Amino acid sequence: MDAFGMGLVAALGALATVAGASEDIESDVGSQSNPNSQVQLAAQVGNPHRIYNKAIAGEPPSNALWCATAAIMAYVLIQGYHMPLLFAAAAGASLAALFNGVMATSAYLGRNASQARFNQWVYLDIIRYTTPSIMAHVWITSFCIVLISIIQVYILTPHHPFPIPVIALIWGLTVGAVGSSVGDIHYGGEREFQWRLFGQGLNTMLSGQIVRKAEAGLRNSIDNAWFCAKFGGPCTGMGFGLTVFLDNWRTTVFDPVNQAGAAIAMGVFFVIVMNLYNFYCELSARRKYGPYPGYKGDIAA
Amino acid sequence: MTVGGGAGGAPQSIEPKKLRIYGLVGSVVGIYLAYILNSVTGTNIFSFVGSLAALFAVVMGANAVRRVCAYGIGTGVPSIGMLALGMGIVASLFGLNIAEQLGIGILGVIVALVYSVIFGYVVGLIANRVMGFNIPIMEEGLSDLSGAGTMAIIGWSFAISGSLAYSAIVTNVINTGFLAIIFICGGLAILHPFNANLGPDEKQDRTLVNAVMVGGMSNIATGVCALLTLGLPAGMVQIVAGFAVWYYFYVWFFRLAKRDAAAVVGTGLLPPSAL
Amino acid sequence: MSFDINTIIYMLEIIVGGLLVGIGVHFVPVGGAPAAMAQATGIGTGTVQLAAGSGLTGLLSAGLMMSVTDNLWPILATGAVGAMIMMDSTMLTGSWIYAYAVGVPFASAKVNYDPITTFSQPPYVAPGTVGQGIPTVCYVSGTIGAAMGGIGGAMIYYPLVQINHNPAMSAIFAIGIFMVDAVLASWNIQGTIEGFHDPKFKKWPKAFKSCLVATIILAIVAVLITPLGGI
């Protein structure tokens, strides 16, 4: 364990936190992944809307694509043209953002055109001013992930044996999985449906009845990002940051060659602590919110 | 528009059999054509033909996704694309390697294709018999998908390595990690078209045009990789070819979306019926 | 290619790894799209995605460990721990959103009593939904599933590196095999499951059979692939 290694691990954690947060906000601006099923449904139950519909194959594969794209560009620039690491990562992230723009617009056009019979229009101004915001968030995500991969392969000891694009692919899949598991709940459970009763999930009867009007005018996806950036994004960042930080911390503090047992035990300790923390969350939520008043059955414990 | 194939699934104007023949023949012929052009001229500038050959496979795969997913498989469209490419990676590496071990290096493409089609068929059988999906075209669709994934991987690997030799593929595509981008780009090229056009008014031509569009984008990515492995000229040719394909089909896709949409407006409120 | 006892062992390891992935997917509590609206218990995403995210994080850890040691056990344990850390931090931060943003008590609609905490569940299930949040039993189940996925990924990776001595190739190959098994298992559970207490969990023998057949076909070719200079 050395101070430099610890600093790098801290940097990895910070980069991962930023990547996670921007990943989640990107999926909210574009309305991707699971909550998008309600946006898709809205037009079908008679609620055409002005929300972006960026259905790119679920978050994990799409983020894996952005990160892998950025990684190959960075790798080519580093290995083939001996560019500085930061510049290479930035150039790669730019290519990834362009790819994202293509996929996002094609998904918006395609999904809305496939709902012609429900009178869902295609609004070109939405493409024009929402797509750059989506691309900007992808830039941040893929930049951070590529930097994480570069640090793991070139700088942090022991060097990771996988090539940069493969590491970026795996971290991309992971950040997408975290983003779609964590941040999406804030978007789907809180922001899309603001006329459900507070303190319960969405009643199935309300499916598709998304909020379409904003404080002034019609709601668009940028309004959703504004909301989700306050809690959903940071939580996602926390989830992904914890993953990257804890996983690398234990192999940096404990030398994996002759202290492998300690590194593994440390990981198991983290897992147990997180299990207990979740139990505490469940306990406090049950105690504070209590059972639902409509329940008529027996409550014998 | 005619309902073809008797599949009972998605309406289609181009028969799946025809598309399968186009896809398989087009990709195999394209890869060998690129190989021959490269070896006859002694350069690697024609590697971009391999990347174009992969587009045929992508179209076939996208059509297979479209047919299978029209039945609803319970886990969304993305999983099936990942499955296709997961099978494809194993099949393509195996085909190229085993052919070289047996001394028939050039036939590796065929070996990989045969293995992948058989494997796809077995997975389809499992899905129908063991898990009880009862989707009549499952075996057929998964054979198509697996074959398409394999041919796309081999085509793009050729575009990066400029050779069908196993050693060249390992050095240029696998050790550098470029297989990762082929894996995910190929996967998205196969699954994104149907996913992006999902809806009751989905049209086959729009989906397939979208597939070629994403495939063209993937060619740009493999072109960037080729900058490192094949040098500037071959890489640039590939990027330019990919960009041309992407641009042409993106404009075409936009035209089809305009044709199919209820209305395409510059800006505006909700449709009058919904206010 | 030489076929000896080691080859058989490698093949068996790959098959066991694939089976662990296939069964591990059944433990992961995924609610699919409804869970993202707090309409169903579990994590609001797809099975394949979450299993891949955690299992491949485990693969990254296992790959790092494998670069410094050849001993099987630390590699498997590291893979499991890496996957568990990813899954647990995901579920934990997800729980924060359920508890502090959406404001729901965690409850499962599939059982009347949580088998681990013995808390009563039906009073806490909101009307019009099938549960919400991640109760303790789901959390523990997810941790087990992640551990199995991580061990499975590492178990596929380990023999591959022994065969071809190429971490890059083994990693991408392991991703391929992992994806096939994860997708087959998620087809078996039809998208959503709550964990080992869910009645759907009883369907696991089907996934076992399917993954067995698929992985055998994959393992046979995986052990036949020779390293670069070894033809």
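The following legends describe close-up views of a predicted model.

Local features are described where pLDDT is at least 70, side-chain atom pairs count only at pLDDT 80 or more, and totals for chains, interfaces and linings use all residues. Residues are numbered from 1 along each chain as its sequence is written, and chains are lettered from A and ligands numbered from 1 in the order in which they are written.

**View 1. Confidence in the model and in chain C.** The model has an ipTM of 0.92 and a pTM of 0.93. Among the elements of chain C, the highest mean pLDDT, 91, belongs to helix α5 (residues 136–164), and the lowest, 83, to helix α2 (residues 32–36). Helices (H or I, at least four residues) and strands (E, at least two) are DSSP runs, numbered from the N terminus. Where pLDDT is low, the predicted coordinates should not be read in detail.

**View 2. The two domains of chain A.** Domain 1 of chain A covers 3–253 and domain 2 covers 257–289; such bounds come from an automatic or database domain assignment. Taken over C-alpha atoms, the centres of the two domains are separated by 27 Å. Four residues of domain 1 and five residues of domain 2 form the contact, where two residues are in contact if their C-beta atoms, placed from the backbone, lie within 7 Å. On the domain 1 side there are one nonpolar, two polar and one charged residue. Here Ala, Val, Leu, Ile, Met, Phe, Trp, Tyr, Cys and Pro count as nonpolar, Asp, Glu, Lys and Arg as charged, and the others, Gly among them, as polar.

**View 3. The contact between chains A and C.** Chain C gives 70 residues to this contact and chain A gives 72. On the chain C side, the elements that give two or more residues include α3 (47–66) and α6 (167–188). The largest share, 22 residues, comes from α4(C). This side of chain C has 44 nonpolar, 25 polar and one charged residues.

**View 4. The contact between chains A and B.** Here 51 residues of chain B meet 45 residues of chain A. On the chain B side, α7(B) gives the most, with 10 residues. That side holds 32 nonpolar, 15 polar and four charged residues.

View 5. Strand β1 (residues 122–123) of chain A pairs with β1(B) in the parallel sense over two bridges; two strands pair if DSSP finds at least two bridges between them. Within β1(B), V265(B) stands opposite Y123(A).

Notes. pLDDT is the predictor's confidence in each residue, from 0 to 100.
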